[in-house]
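Dear colleague,

I am passing on a structure that I would like you to look through when you have time. My notes on what was found follow after it.

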Amino acid sequence: MSSIAENIIRIKRGLPEGVTLVAVSKYRPLEELQEAYDAGQRAFAESRPQEFAVKTTALPDDIQWHFIGHLQTNKLKFVLPWVALIHSVDSIHLLDAIQNWCAAASIKVNVLLEVHVAKEETKQGFSREEIFSKDWTELQNTQYKNVTICGIMGMASNTDDVDRVDADFEEIKDIFDCLKRQNPELKEFKELSMGMSHDWQIALRHSPTMVRIGSSIFIDK
Ligand SMILES: *Cc1c(COP(=O)(O)O)cnc(C)c1O
């Protein structure tokens, strides 16, 4: 049985330079996060607001905290003051709420737009059509002054069909590239978050800048 430290080292060895490993620590106890921290891991991701709030206060200050779960507008206060990057902004309604909260608190927050390409109905996110129906440069410069749009997050279909998963990542990458081309003024638009424990090697074929890996690091004992 390999340790958390060994898992991190092994995964990092498989990542090209410039790809950030975000350790998905949701549901894991503080001791396991501390173990990963002691192995040099600094980027962690949580998916539940209250758990996020508890862990950010309990662990060292130099951790970069990511949020990857569905975020309800009444839970923003648990997340926004401490978050480095929200990967899971899946609606205009949520963007508006984040903007209002940040403006009132005089802070800025970094977000990724979550896109939906997988064939499952259950997954959250903007469809390709919704994403391309908006002028993101205009929105960034007028409505979302406290929200920095930093890129795209996506998930592939949850299937063993490698070709299907590969095609999903290819589509997410295509959406990212098109948006980037259409919005040259969005200087911070450069992050592409895709790939999880079971599919990050496939995601790497399509040049993500971040992978989000949980179970391959924190294995049930
Ligand atoms: C849980 C989760 C992950 C990590 O999944 P693993 O299979 O444990 O690596 C990545 N991204 C999101 C959005 C998640 O909810």
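To begin with the surface, the protein has an accessible area of about 10,500 Å², and 49% of that area belongs to carbon and sulfur atoms. Please keep in mind throughout that this is a predicted model.

As to the overall fold, nine helices and eight strands are present in the protein, and its C-alpha atoms fill a box of roughly 50 × 45 × 30 Å along the principal axes. The radius of gyration is 17 Å, which agrees with the value near 17 Å that a compact globule of 221 residues would have. Buried residues account for 50% of the 221 residues, and, of the contacts with a separation of 6 or more, 59% are made by residues 24 or more positions apart.

Two residues deserve a separate look for their backbone angles. Most residues other than glycine have a negative phi. Tyr27, however, which sits in the loop between strand E1 (20-24) and helix H2 (30-38), has a positive phi near 70°; with a relative accessible area of 54%, Tyr27 is over the 50% cut-off and therefore counts as exposed. Ser106, in the loop that runs between helix H5 (92-105) and strand E5 (109-116), also has a positive phi, of about 55°, although it is not a glycine, and Ser106 is likewise exposed, at 65% relative accessibility.

Notes
Residues numbered from 1 in each chain as written. Predicted model: local features only at pLDDT ≥ 70, side-chain atom pairs only at ≥ 80, totals over all residues. Heavy atoms only, no water. Helix = DSSP H or I, 4+ residues; strand = E, 2+ residues; numbered from the N terminus. Rg over C-alpha atoms; globule rule 2.2 N^0.38 Å. Buried < 20%, exposed > 50% of the residue type's maximum accessible area, 1.4 Å probe, protein only. Contact = heavy atoms within 4.5 Å. Areas by Shrake-Rupley, 256 points an atom, 1.4 Å probe, with all protein chains shown as cover.
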